[in-house]
Structure formats: structure tokens, C-alpha cells
Amino acid sequence: MIMEEKYWKNYQKEIPEDNYYYERSCIRQSFFPGAEKAFLNIMRLELRKDIIDDPDLHTCTGIGYHSDVVPLETTMTIIARLFSLMSEKGYKNFVPSCVTSFGLINEVLETWKHFPEELEKTRLYLQQATGRTFDLPETVTHPSDIIYKFRKELKSRMKYQLLNIKTGEPLKGVEHIGCHYSKVFPHAVVGSMEFPQVLSGIIQEWGGKVIDYPERRHCCGFGFRNYLIQANRGYSLANSRKKFESMAPYNPDFILTNCPGCNMFLDRWQYTIREMEGKTYDKHGNGIPVLTYEELTGLLLGYDPWDLGLQLHAIDVTPLLEKIGISFDPNTKYVGKSGRIIEFISH
Amino acid sequence: MIDYYETLRKDIRFVEGLNACMNCGVCSAICPAAEFFPYDPKKICNILQTKDNQLIEELLSSDYIWYCGQCMSCKTRCPRGNTPGLLISTLRTLSQKLGLFTKSPKGRQQYAIYKTVGESILTKGYCTHAEMIKPELHPEQGQVWEWYHSNLEEIIDRLGGNLNKPGSGALRKISDESIAEVNRIFEVTGGKNFFDTIDQFSQQQAKEMGLETDSEPFSSYFMKIYTEQDDNSNVE
């Protein structure tokens, strides 16, 4: 036991207590804006943390960089401006909502460590372009790391658990961690690439059971240019399909993700396969509901599923809500900001 | 002939990405692109290790360097610390700088990425924005997306959005000052010049193919490279 604890220490990372500079994700705020809103509410209202949603922030260029239209020097200087804004606002811990951003920022910081002349060049570029200076962040932490860190505190505030309300059995979850969270710099990961705990730890803490399956660590198939270009999208679909085929025999009740892209693909490609082949990966013709970690946390805390934005998922989440015993009002599902119902025409 | 190998070595990602490949094939076994495309990441290491500029020029002009999905699974698993995914980035950068990307169907697709993601960064400050994801170009997004996209402000603002308005919140309008600084960074660091290079070589290629690049929102050249499969992409 003592030896186990000793070795396990090597797989931990420092997750700051407070003082978070939140960087919204281009993908998450486009596809799952309710998840980012929920995260900010959880930090501020449940955990009483200091977190800023800075209106001056912009993209890190991650999607452009990994689809190779943005040069490295440009990306490094854009990230330097993000750090400059953080220093200006008095924060030290950079918290990118996007996993691509998380990986890229770690990549840039590591590059500056190995090639200090690149850091100096970036400082000059930023100064020349904007007159700005910047400090390096003390930590780069993914929001899922923070939820993991405070999983016990959050559990004590939760209204529901990951248990089937009818049988009392743990619900079975598939966790899918974004490649750029875990595969670029394994030391930046809770549990490292070999034993990533960030999502499995919260599923287990909140009563669920984690499914291990052969293609657990396979990429969702985003592939940047392989999704951005319609002609290449078969790559993305085929990779997600490979995962669905591998996980389906274990009858998961839900899929949990920490990457906004993975969340979208694992949801949308199930919809696409259902439309193309009539095939679903559950026994009831619905598909496996896919949740982000913010959405799951919010649901168990008792937040309204439609305020979390679960109506934006292509795979209906209501079978999961019913299993957990979460009450919801179907009449408010399609209500907009003004309070009127926005008609959903199914065809 | 240009000394492609020495040019590539000036990119720090090349220095980081290639140590000494022993050809074990672990990267090929784990690579999602190798599974679905006629692609093998260890071949990238093999060719680069030869330092043969003729072979490297062929690589830069081919579809071969455009299959990788940049998941970086190769980085985690290589026992020698090589990263074919990083080498791919250096090859793609050089291919675009020299205009060789227009010689292959997959390479030509870079124009569509520049026209969508690239222009969005400079005008909106986002790599992607819900307004850009047109349902007619994204059938996989389904009916939910059609509903959301056509009622975007009403729906997103219920969910913590602040669509195209000043202040914080999802898909807020990024201030003119921030956009101006982003643009200035692109000018100073060569990002703007890189976009112009992609644009110029693509205009030339479009002309050679008898297609135009002027129609809005999507030109005939854009739609061809965006939607059409090349002959080799689905083999094996």
C-alpha cells in the first residue's frame, strides 16, 4: 500500500486551489455554450472560487495551427497576448476550456523551455505588434482537472448520484479523454497517459462504474483538416465508429468527455450512423448519450437539463435523466431567451 | 535543387520531432490515419532520414503529408522520442511556403481551411464560430443544428451566450482593439504573409483548373476542393 501511494505520487499534477483565468473554447462555446456557463456557475456559486471570463480574450489559433494554416511563430505570439491579458487582469493560473488549447499551450511553454531564444523572439514580436509584455502562467490547468480536484466537495452538494434509481446499481460510463489532453505531455495529466484519472475518478466518486474497453484510448477522429474539409470527413466518422463498435458490447449508459471536439463528434457521428445505416449503439434505438464533465456535474447538482443546453445534443439524453431519476419539464426544452417556445420541426 | 532537408532542419519542430528512427513501427500501429488512409507515419521518418532531397520534394508535392490527423498518439508511444506528427507539421509548412501544396488534391484543400478558419481568426477572433457552421455544408450536424443555427441568438443567449455583443459570454463580439492586435500579430510574425501565399498559389491553381475563386460565399474552386474526393483517399 505504501509503495502504491509512493508510485501514484509520480502520476499526480499540481492543480491550483483558486485564482483561475478562464479561456473559452471556440468549439465548446459554439456547440455546448451551456457547459461553459455551468462551469463558471459551479466555480462561483458552488465552490466560491475567483474565476474570470475575460471579454478581451480571443482564439489561441489552435484549430488553425493544427490544420497548418497558422505558422508556429504566429501561434506563439497570439498565446503570448493571452498571457499578457491574464497578467493585466491579475491572474496566474491559465484555465483553457479547450483541450486543443490545453495541449498547444503546454507545447508552446515546453518549446520556450527547450529553446529560450524562441521565448525571446516571441517577446519581441509581441512588443513590436502590440507594445505588450507578458508573464508566464504559474500553472496551466484544464477545467476538468479542477472538477476532479473538488470532486468530493461537489459530491457533498449533489442532489443525485450515478446510480440507476430503479435498481440502485451503478450506472456504467465510458470516459473519453481528448488526445491533446493526455498524449502530448503525459506529465500534464492527472494519472498520466497510462492511468488517466481525470474523468474515471469523478465517475467513480459520484457512484458510477467505469467501463474498460479495447479502443478506450483511440482518438475520436477529429483530425482537424480531416473534419474541416467535407471530402475528408470519412476519417472522422470511421474513427468514432471504431470506438462505438468496441464499447457497445459493454452496454454503457453514457459517454463522458473532457474535450469539446470529442463531445461533439461522439454525439454527431452516432446520429450520422443512425441516419445512414439505421444502427444505434444501445438496445433501445436511441444511441448512447454523450455528456461533457460540466454537464454531468451540473446535472448531479440539480441544474435544469435545458439550462445546461442538453437539447443541443443530437443523441437524446432523456433516457439517462430517467435512469438517474432527474426530474425535468419537457415543455421548457425548446424555450429561448425571450421565454417563447422556438418550434423544433422534425423531418 | 533546393536543399529541402537543411531548410526543414531550421524548423524547431523538425529538431524536436526526429531523433533516430529504428523503424519499429509502433507509430504506424497506433496511428488513426494509417488505419483509414494509405499512410504510414514511419515512412515519413524513413524518407527524412535519407536526407534525399529528390524524395523529400516528392513528399512535399504529394497527398502523403496531408493524411495525418494531428492526434499526436505517435508522440506518446515512440520509444525513441520521435514525433512523426511534428514532422508532418514542418513538411506542410514548407509545402505551402513553396507552393508545392497545390500539386496534390489533399494539399489543395488548404485553401478552403484558410478561407474558413484563417479568415475567421482575422475578422471574428475565433477559429470557429457557430454562424460559420452552415447546415448545408454540415449534414452530420443534423436537425438539432438546423434548429439551433436558425435561432442562434434566442437559444445561445439562454445558455450563457452573448451573441455578437460586447462584454463577456459565449460567442461575444471580440473588441475592435483585440481584433486589431490579433491582425497586427499576424502581420509581424508572418502569419498574414502565409495566408497570402496560400491564396496566391491557389488562385493560380484555380486558373489552371478552369475554376474561379471570386463567387461568394463559396467559389467553384472552393467547392471542388472542399467536397471532392481524390482517387486515392479511400484505398486499403
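Which residues does A:Cys179 touch, not counting residues up to four places away in sequence? They are A:Cys219, B:Cys71, B:Met72 and B:Ser73, where touching means that two C-beta atoms, placed from the backbone, lie within 7 Å.

## What we're looking at

This is a predicted model, so local features need pLDDT of at least 70 and side-chain atom pairs count only at pLDDT 80 or more, while totals for chains, interfaces and linings use all residues. Residues are numbered from 1 along each chain as its sequence is written, and chains are lettered from A and ligands numbered from 1 in the order in which they are written.

## Around A:Cys179

A:Cys179 belongs to helix H10 of chain A, residues 179–182. Helices here are DSSP runs of H or I with at least four residues, strands are runs of E with at least two, and both are numbered from the N terminus. With 28 other C-beta atoms within 10 Å, A:Cys179 is buried. The cut-offs behind that word: 20 or more other C-beta atoms within 10 Å of a residue's own make it buried, 12 or fewer make it exposed, and anything in between is partly exposed, with C-beta atoms placed from the backbone.

For a bit of scale, take A:Glu110, which is 69 residues from A:Cys179 along the chain. The C-alpha atoms of the two are 17 Å apart.

The largest nonpolar core counts 171 residues. Such a core is a set of buried Ala, Val, Leu, Ile, Met, Phe, Trp, Tyr and Cys residues joined through C-beta atoms within 7 Å. Those with the most contacts inside it are A:Ile79, A:Ile105, A:Leu256, B:Ala33, B:Leu60 and B:Leu87. Helix H5 of chain A (residues 72–89) supplies the largest share of this core, 9 residues. In soluble globular proteins, nonpolar side chains tend to be buried together.

H5(A) itself is mostly covered, with 13 of its 18 residues buried. From first C-alpha to last it reaches 26 Å, close to the 26 Å expected at 1.5 Å a residue; that expected span is 1.5 Å times one less than the number of residues. Just past the helix, A:Gly90 adopts a positive phi of about 85°.

## Helix H6 of chain A

H6(A) covers residues 99–114, and its 16 residues reach 22 Å from first C-alpha to last, close to the expected 22 Å. Its buried residues include A:Val99, A:Phe102, A:Leu104, A:Ile105 and A:Trp112. Leaving out residues up to four places away in sequence, A:Ile105 touches A:Cys60, A:Ile79, A:Phe94, A:Pro96 and A:Val140.

## Strands of chain A

Strand S1 (residues 20–23) is covered on both faces: A:Tyr20 and A:Tyr22 are buried on one side, A:Tyr21 and A:Glu23 on the other. S1(A) runs parallel to S2(A) (residues 51–53), joined by 3 bridges, and parallel to S3(A) (residues 93–96), joined by 4. Strands count as paired if DSSP finds at least two bridges between them. A:Tyr20 sits opposite A:Ile51 in S2(A) and has A:Asn93 as its bridge partner in S3(A).

There's also an open sheet of 4 strands, ordered S6-S5-S7-S8 with parallel pairing. S6 (209–210) and S8 (290–292) are at the edges with a single partner strand each, so one side of each has no neighbour in the sheet. S5 (residues 172–176) has 4 of its 5 residues buried, so it is largely enclosed by the rest of the structure.

## Chain B

Chain B has 15 helices and 0 strands. Its C-alpha trace spans about 55 × 40 × 40 Å along the principal axes, and 49% of its 236 residues count as buried.

Helices H5 (residues 41–50) and H8 (residues 84–97) of chain B have axes that come within 9 Å and cross at roughly 65°. Axes are lines fitted to C-alpha atoms, for helices over the stretch in contact, with angles from 0 to 180 degrees between N-to-C directions. The contact involves B:Pro41, B:Ile44, B:Cys45 and B:Leu48 of H5(B) and B:Pro84, B:Leu87 and B:Ile88 of H8(B).
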